Each structure stands twice: as C-alpha cells, then as structure tokens.
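Thanks for coming, everyone. Let me put the structure up, and then we'll go through it piece by piece.

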Amino acid sequence: MFAIEVKQILKAYGNRAAVNNVSFDVNQGEIFGLIGPNGAGKTTTIRMMMDIIKPDSGEIKVMGEKLNDGSKNKIGYLPEERGLYKKMSVMDTIIYFASLKGVDKVTARKRGEEMLKRADLLPHQNKRIEELSRGMGQIIQVIITTIHEPDLIILDEPFSGLDPVNTQLLKDMIRELKNRGKTIIMSTHLMNDIEELCDRLLMINKGRAVLYGSVAEVKSKYRNNAVLIETKGDLTGIEGVTGITPHNGALELKLDANTTPQMVLERLVKKGIVINRFELSMPSLTEIFIKVVGDEHE
Amino acid sequence: MNKTLLLIKHEFVNTVRRKAFVILTLAFPVIALLGLLAAQVIPGMITPTTTIEKVGYVDKVGIFTQGLTEYKTELVPYAGEDVAKTALTDKKIKEYFVIGPDYLSTGLVQRYTLTSEIAPSSTVQTVIKDFLLNNLLKGNSEEVIARAKSPLNIDSTTLTAAGTPAARQGGFSALILPYIFSILLMMAIFTSSGYLLQGLGEEKENRVMEILLSSISPRQLLAGKVLGLGAAGLVQIVVWLISANFLMKIASSTWGNVIGSLQVPPEFLILGVIYFILGYLLMAVLMAGVGSISPTAREGQQMSAIFTLPVVIPIYFMGLIMEHPENVAVKILTFFPITAPITVIVRSGLSEIPLWELLVSISILILSIWGLFILTTKLFRTYLLMYGKRPDLREIIRSFKEA
C-alpha cells in the first residue's frame with residue numbers, strides 16, 4: 001500500500017490550471033520531495049491531498065482510502081501559511097491542536113513536554129505565543145504537526161524563515177521521524193534540502209509534473225556525459241575528450257557521444273597518468289532544476 | 001470527544017474568558033442596580049428647605065380669604081397689585097399671583113416672578129390649586145375637599161373574551177419591557193456574532209486557519225464556532241434576563257405607585273430565548289460568510305454593517321409596531337428573517353401575536369439559517385485560505401455553484 005496515491009488530479013482557477021493532470025505515489029517510510037519554483041502548484045497539490053480544496057477531477061487516496069475524519073488524525077500537516085493563536089500559551093496551544101487530532105489532554109501534555117525539552121523550549125511552555133521568536137514559533141508548529149504521532153507528515157516549505165541552528169534542528173527531527181518509520185512529504189524550492197534529505201522527488205512546474213523518480217535516477221537521467229578527475233598529469237591529446245574545465249579543485253572532462261567514462265579511464269591508465277580521484281560528473285539538483293525550468297520557459 | 005464539540009468548548013471558553021465579554025455581561029445589571037440605588041439614595045440626600053417661602057396674592061374676586069400654608073409655602077394676601085409688586089421687588093415675597101375679577105368664568109390667574117423659568121414648579125402649582133379649591137369648596141367636608149383635590153385613582157384591568165383577567169395588562173411595563181428587551185437582544189446578538197467575525201479575521205490574519213482545516217472540515221469549523229459563541233451569547237442573555245427580573249422587583253417596590261408592578265410574562269421570556277437563538281444563528285452564519293471573504297478582521301467589521309443595520313430597523317418603526325400591530329408593514333417585519341427577532345419581541349410585550357404569524361416567522365428564520373449555513377460552508381472552502389484579496393460578487397456566486 002502506498003502512503004499516498006495521486007491520480008491525474010486537476011485544479012483550475014478560472015482559465016488557469018494550477019495543477020494539471022499530476023499523478024504520483026509516495027511509498028511508506030520514505031521522504032518524498034515536492035519541488036518546483038514559486039507558484040508551480042505545490043501548495044495547491046498539498047491542499048488537495050489534505051482535502052482542504054477539492055480537485056476538479058482526479059483521485060487521491062491516503063493510506064489506501066479517501067481522506068476521512070479517522071485518516072485525518074493519522075496525518076500531520078505543516079502548511080506554508082502558518083501561525084498560531086498569539087494570545088494562547090505554548091502548552092495550551094499544543095494541547096488544543098492535539099485534541100483536534102484526537103489526543104487526550106494528559107498524553108498531549110506529556111508528549112508536549114518531551115518534545116519541548118528536546119528542542120530546548122521547555123522553559124517557555126507557559127509563555128504566550130506572541131512572546132516567542134519566529135523561529136521558536138515554527139518549532140512549536142512542527143511539534144504540533146507531529147504530536148499525535150502521525151504516520152504521514154506533510155511539510156510545506158518547512159525551512160522557510162528558519163535560522164541555520166533551527167534549520168539543523170528541524171532536519172534532525174525529520175531524519176528521526178524517518179528512522180521511526182514515518183512517511184514524510186516535504187515541499188521546497190531549495191534543491192539542497194531535497195538532495196540532503198529525500199529518497200524520491202516530484203518536480204512540478206506551471207502545474208505539470210516534469211520530473212519524477214528517485215533522487216539518484218533523476219540525477220543520472222540528467223547527467224552530462226563527463227567525468228571529474230583529480231590529477232597532476234598531462235591531459236592533452238586524449239581521444240574522445242572535447243573539452244576540459246576546472247570544477248571545484250578538480251577537472252571536468254567533457255566526452256564526445258561515442259566515448260564512455262570507462263573508455264576514458266582505460267585511456268588515462270594506458271598513458272600512465274596518476275589519478276587521485278575519478279568520478280562521473282553528476283549535475284546537482286539545482287542545475288537540473290534550472291535546466292528543466294529554463295527549458296519550459298523557452 | 002467529537003471534534004465539533006471540542007471546537008464548541010474551545011470557542012465558548014475563550015469567549016467567556018474575554019475581559020470585554022465579562023465586562024459587558026456584568027455592566028448592564030451593575031449599571032441598572034447603581035441607577036436604582038441612586039434613585040433611592042439621592043432624594044434622601046437633598047435637604048429639604050427649612051425656610052418658608054412667601055408667595056403673595058391679590059384677590060379681585062373677593063372669595064379667596066382662607067389662607068394656606070403647606071409645602072413650606074405661605075400665602076400672603078395683598079390689597080392691590082402695586083403693593084404686591086413692591087413687596088416682590090423688595091424681595092419680601094418670592095412671587096405673587098393675581099386672581100382676576102372674571103376668574104370664575106375664565107379660571108385666569110396671572111403670576112409674576114423675578115426669575116424666568118420653563119414652567120411654574122409643581123409645588124407652586126399645587127399650592128395655588130389647593131388654595132383655590134379650598135376657597136371654592138368652602139363649606140364642604142374636608143373629605144370632599146381632599147377628594148376634589150385628587151379625584152381619580154384609576155386601576156384598569158384588561159379582560160379576555162372569557163371574562164378573566166388577560167395575561168398582558170398593557171400599561172407602562174408593556175412599553176418599557178419590549179424596549180429594554182429588544183435592545184438587550186440586539187446587543188447579545190451583535191456581541192456574539194461580532195466575536196465570530198473577529199475570531200475568523202484573527203485566525204485568517206494569524207494564519208491558523210489552514211492548521212485547523214487539516215484536522216477538521218469547514219463544516220465542523222463553522223458549526224463549532226457558531227454554536228460555541230452562541231452558547232456564550234446565551235449565557236450573557238440569561239444573566240441579563242435573570243438580573244432584569246431581580247432588578248424589576250426592586251424597581252417595583254420603589255416606584256410601584258408610579259409605574260405599576262413590572263413583571264416579565266413567562267411567554268415573553270420563552271419568545272426572548274427562542275428569538276435570541278434564531279436571531280443569533282442567522283447573524284452568526286451571515287458574519288461567518290462575511291468573515292470568510294474578508295481578508296482582515298477590520299475589513300470584515302466594515303462589511304458586516306450591511307447585515308447589522310437592518311436588524312435595528314424595527315426600533316425605528318417602534319411607534320407603528322405598537323399602535324398598529326395589524327399593519328402589513330409590521331407583518332413583513334415579523335416575517336423578514338433579519339428584522340423578525342426585534343419585531344417579535346416588541347410586539348409580544350404589547351399584544352398577543354397570532355400563533356400562525358409566530359410559526360411562519362420561526363419557520364422562515366430556520367430555513368434561512370439552514371440555507372445560509374450551506375452557502376457559507378461553500379464560501380469557507382473557497383475563501384478561508386485566500387489571503388489579501390476580497391472576491392467580487394460574481395466570483396462569490398460562481399463559488400456557490402462550484403463548491
């Protein structure tokens with residue numbers, strides 16, 4: 001069973017399709033990245049998954065069934081537009097939102113205390129939300145998102161507005177949730193976060209799915225026919241190499257269409273060149289992102 | 001616990017804990033009680049004048065011989081107007097009056113004072129009247145004279161067709177009760193539906209809405225808010241009704257002879273509660289609709305005037321409603337959902353409202369509430385998460401069709 005199955009959903013506002021025929025599945029226990037530029041349709045897709053807005057057509061299944069009151073309690077959702085009641089105290093806020101997910105008061109308080117303690121926020125539990133810093137508020141929101149021990153956690157732009165310390169704290173929290181077998185879907189426009197955390201990804205642009213698969217698959221699909229080597233030897237006159245450019249302390253060798261990296265390696269060894277490092281040159285997701293989005297623009 | 005119940009509890013507790021709510025709920029009984037106490041205490045504090053005022057008079061008829069001293073006033077006869085005028089300008093007397101020679105046919109009495117006033121004080125009028133009556137009725141028994149001074153002490157009773165005393169006896173209480181109650185009802189409805197509007201606006205501004213909607217459906221959210229705040233409003237109106245009953249007892253014991261005993265008829269209370277609930281529910285769903293389409297609490301407040309102003313309309317037509325309850329306009333006000341609560345409260349204090357009219361009015365209210373509730377949940381789905389932009393009428397109508 002998939003954690004989420006999305007089949008050909010479509011949502012239009014007026015004449016503009018915000019999400020156009022998008023399909024994807026999310027496996028249980030993985031971190032799934034939803035990436036795309038601003039306004040690509042990530043939030044609309046997530047809101048449809050949460051049944052906050054209804055798709056014009058298409059089907060969404062959460063844990064094998066249509067979303068209902070019971071399955072809503074198994075999801076933790078951190079929206080992109082998020083905030084808390086300013087006048088409520090931290091602990092009251094946690095207990096109230098936990099109660100809406102079906103957690104009783106005693107359990108909510110106990111878990112809330114544990115989670116606050118881990119985030120070093122326990123001394124603030126009786127403060128009002130408006131007295132906290134923005135970053136603290138965001139961590140409280142993440143606690144609220146996960147207090148009911150959901151199986152599926154959806155985080156929309158979780159790192160926006162966080163300083164490096166809190167970003168690291170949140171990344172650790174996400175990894176820990178994965179280790180405990182939770183499924184996590186996170187949307188972001190920052191590719192580094194995806195590369196660092198995600199197993200698989202879906203890239204959408206202008207409401208359409210443009211890339212879908214494991215991070216490794218996507219990268220290899222977009223790899224340029226090139227190798228990176230570190231060497232002090234003379235690289236001139238090697239057959240099949242069309243160009244050499246320095247790349248982060250190493251050299252990137254562009255290969256012609258008939259040459260594979262294996263062939264280049266053989267040729268280098270034959271010439272007796274000492275190689276300290278040899279690897280396939282993989283584009284970063286950022287480069288892929290820019291390439292795909294750029295192509296779409298043309 | 002059911003999620004709607006949780007929301008109801010949350011909204012209720014948060015509202016009754018608000019300082020503004022507590023102050024408003026207590027303000028009415030406290031201010032009224034203070035008013036009553038003041039009315040009892042202040043007259044005792046005014047020290048009665050100990051000196052006896054002298055009022056001169058000139059009798060040109062010749063029968064007003066028997067002087068009078070009452071209410072700290074002494075009447076002093078003068079032979080002629082000139083003497084009296086001198087006495088006045090010399091400040092020997094406060095004022096004087098002249099009983100003209102044709103008094104018996106005209107009743108004309110000329111009065112002269114040094115200070116200008118709106119009208120002669122009631123003391124002076126009583127003194128002069130009693131003086132004239134004493135002399136006019138000379139020779140009659142004191143009892144007759146006393147009766148002539150206060151000839152009528154009316155006590156009327158309205159009978160039903162069966163000849164038994166009717167529940168509504170009219171009078172001062174029939175006027176004042178509907179008036180006070182319609183204002184209280186209006187305040188209670190406005191307070192709680194106002195909190196609803198404000199709450200939605202704050203949740204939009206704080207961006208809490210989407211977190212809420214990830215746990216509950218728009219329908220649960222709307223129902224929870226409307227009922228939770230409604231329960232708070234009901235507490236408010238019950239506090240007011242109970243204290244009104246109590247205050248009226250005090251008022252009746254103080255001024256019972258002036259205003260008659262003020263009593264709240266039980267069916268009046270029942271109608272009051274029914275129409276509070278219905279009136280509130282109607283306003284609440286309307287406010288929720290307004291709140292969902294307005295980006296900020298402030299903008300919502302401005303837009304809500306479209307619905308709050310018509311609620312007050314029956315107050316302007318109070319005269320018409322009281323004097324001509326059979327008028328077609330009054331019927332329309334009774335049936336139109338927004339004006340119905342106040343109209344019915346005003347009418348019910350005065351006369352029996354035909355049962356069919358009540359049933360029609362209540363049915364229309366319930367149907368409108370239900371219809372608006374469904375439309376508002378549709379608006380909720382579409383606009384609760386739309387920040388910063390208010391949709392125009394065409395977009396709203398389209399979203400009714402789409403959602």
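Start with the interface. Chain B and chain A bury about 2,300 Å² between them. Of that area, 54% lies on carbon and sulfur atoms. Keep in mind that this is a predicted model.

Which residues of chain B lose the most area to chain A? They are Glu210(B), Ile211(B) and Arg381(B). Together these three make up 27% of what the chain B side buries.

Now the head count. Chain A puts 23 residues into the contact, and chain B puts in 20.

In one salt bridge, the side chain of Glu210(B) meets that of Arg47(A), at 2.7 Å from N to O.

Next, the domains. Chain B is divided into domain 1, covering 3–33 + 170–402, and domain 2, covering 53–148. Their centres, taken over C-alpha atoms, are 58 Å apart. Chain A is also divided: domain 1 is 4–220 and domain 2 is 224–281. Here the C-alpha centres are separated by 43 Å.

Stay with chain A and look at its sheets. One is an open sheet of three strands, in the order S2-S1-S4, with antiparallel pairing. Which strands sit at its edges? Strand S2 (16–26) and strand S4 (57–62) of chain A do, and each pairs on one side only. From one strand to the next, the twist averages 20°.

Zoom in on one pairing. Strand S1 (residues 4–13) of chain A runs antiparallel to S2(A), and seven bridges join them. For a landmark, take Ile4(A): its bridge partner in S2(A) is Val26(A). Helix H1 (residues 42–49) of chain A packs on this sheet and touches S1, S2 and S4 of chain A. The direction of this helix makes about 120° with that of S1(A).

The other sheet in chain A is open too, with six strands in the order S5-S6-S7-S3-S8-S9 and mixed pairing. Why is one side of S5 and of S9 left without a neighbour in the sheet? Strand S5 (75–78) and strand S9 (208–214) of chain A stand at the edges with a single partner strand each, so one side of each has no neighbour there. Neighbouring strands are turned by 15° against each other on average, direction ignored.

Inside this sheet, strand S3 (residues 31–35) and strand S8 (residues 200–205) of chain A run parallel, joined by four bridges. Gly33(A) has Leu201(A) as its bridge partner in S8(A).

Two helices to finish. Helix H5 (residues 134–146) of chain A packs on the sheet, touching S5 and strand S6 (152–156) of chain A, at about 160° to the direction of S5(A). Helix H6 (residues 164–179) of chain A packs on the sheet as well, touching S3, S6 and strand S7 (183–188) of chain A. Its direction makes about 150° with that of S7(A).

That's the tour. Over to you.

Methods:
Residues numbered from 1 in each chain as written. Chains lettered and ligands numbered in written order. Predicted model: local features only at pLDDT ≥ 70, side-chain atom pairs only at ≥ 80, totals over all residues. Heavy atoms only, no water. Domains from an automatic or database assignment. Pairing = 2+ DSSP bridges. Axes fitted to C-alpha atoms, helices over the stretch in contact; angles between N-to-C directions. Contact = heavy atoms within 4.5 Å. Buried area = accessible area lost by both parts, 1.4 Å probe. Salt bridge = Lys/Arg side-chain N within 4 Å of Asp/Glu carboxyl O.
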